[in-house]
Amino acid sequence: MAAHSLHVFMDVVCFDNGKVYARSGYRIHFSPSSIPPVMEAPLPGLQTINRAQIHALIRAIKETSRLPHKSILLQTRSEFLVCLFVSLAQACLASCLSPPP
């Protein structure tokens, strides 16, 4: 990893996903940084695994956006987030590469 890079690992949990009494939370590990090395919190609002994954990602981006790192490596075990990023990247590329109207 480069000297000015930040490694961020996100992990989430949801007990009883899809049920009324479901409970979700997330944990984010930062290394190395001036941010506390671990952040964790319960998910506010509707409790689902996908919402917890998105919330963890948004929190990680907000926390790292104010740091002067040249690169940030986001790591997750979430297939949902990976597919979301791939589809967003494909849509972005398609709109950037299409000729103007």
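Which strands does helix 1 lie across, and at about what angle does helix 1 run to strand 2? Helix 1 (residues 49–65) lies across strand 1, strand 2 (23–31), strand 3 and strand 4, and runs at about 30° to strand 2. The model is predicted: local features need pLDDT of at least 70, side-chain atom pairs count only at pLDDT 80 or more, and totals for chains, interfaces and linings use all residues. Residues are numbered from 1 along each chain as its sequence is written, and side-chain values use heavy atoms, with hydrogens and water left out.

**Overall make-up**

- The protein has two helices and four strands, and from the N terminus on its elements run β-β-β-α-β-α.
- The radius of gyration is 16 Å, well over the 13 Å that the globule rule gives for 101 residues, so the protein is more spread out than a compact globule.
- That radius is taken over C-alpha atoms, and the globule rule is 2.2 Å times the number of residues to the power 0.38.
- Helices (H or I, at least four residues) and strands (E, at least two) are DSSP runs, numbered from the N terminus.
- Along the principal axes, the C-alpha atoms fill a box of roughly 50 × 40 × 20 Å.
- Contact means heavy atoms within 4.5 Å; of the contacts with a separation of 6 or more, 59% are between residues 24 or more positions apart.

- The four strands form an open sheet with mixed pairing, in the order 3-2-1-4.
- Strand 3 (38–42) and strand 4 (71–76) are at the edges and have a single partner strand each, so one side of each is left without a neighbour in the sheet.
- From one strand to the next, the twist averages 15°.
- Axes are lines fitted to C-alpha atoms, for helices over the stretch in contact, and angles run from 0 to 180 degrees between N-to-C directions.
- Two strands pair if DSSP finds at least two bridges between them.
- Strand 1 (residues 5–15) and strand 4 run parallel and are joined by six bridges; Val8 stands opposite Leu74 in strand 4.
- Nine bridges pair strand 1 with strand 2 in the antiparallel sense, and Cys14 has Ser24 in strand 2 as its bridge partner.
- Strand 2 and strand 3 run antiparallel, joined by five bridges; here Gly25 stands opposite Pro42 in strand 3.

**Core and surface**

- Buried means under 20% relative accessible area, exposed over 50%, and partly exposed in between (1.4 Å probe, protein chains only).
- By this count, 27% of the 101 residues are buried.
- A nonpolar core is a set of buried Ala, Val, Leu, Ile, Met, Phe, Trp, Tyr and Cys residues joined through side-chain atoms within 4.5 Å.
- The largest such core has 16 residues, of which Val8, Met10, Tyr26, Ile28 and Phe30 touch the most other members.
- Strand 1, strand 2, strand 3 and helix 1 each supply at least two residues of this core.
- The protein exposes about 6900 Å², and carbon and sulfur atoms supply 64% of that area.

**Two residues**

- Ser24, in strand 2, counts as buried because its relative accessibility is 6%.
- Beyond its neighbours within four places in sequence, Ser24 is in contact with residues including Val13, Cys14, Pro42, Leu43 and Ala52.
- Leu88 is in helix 2 (residues 79–97) and is exposed, with a relative accessible area of 53%.
- From C-alpha to C-alpha, Leu88 and Phe9 are 20 Å apart in space, and they are 79 residues apart in sequence.

Terms used
Accessible areas come from the Shrake-Rupley method with a 1.4 Å probe; for residues, only the protein chains shown count as cover.
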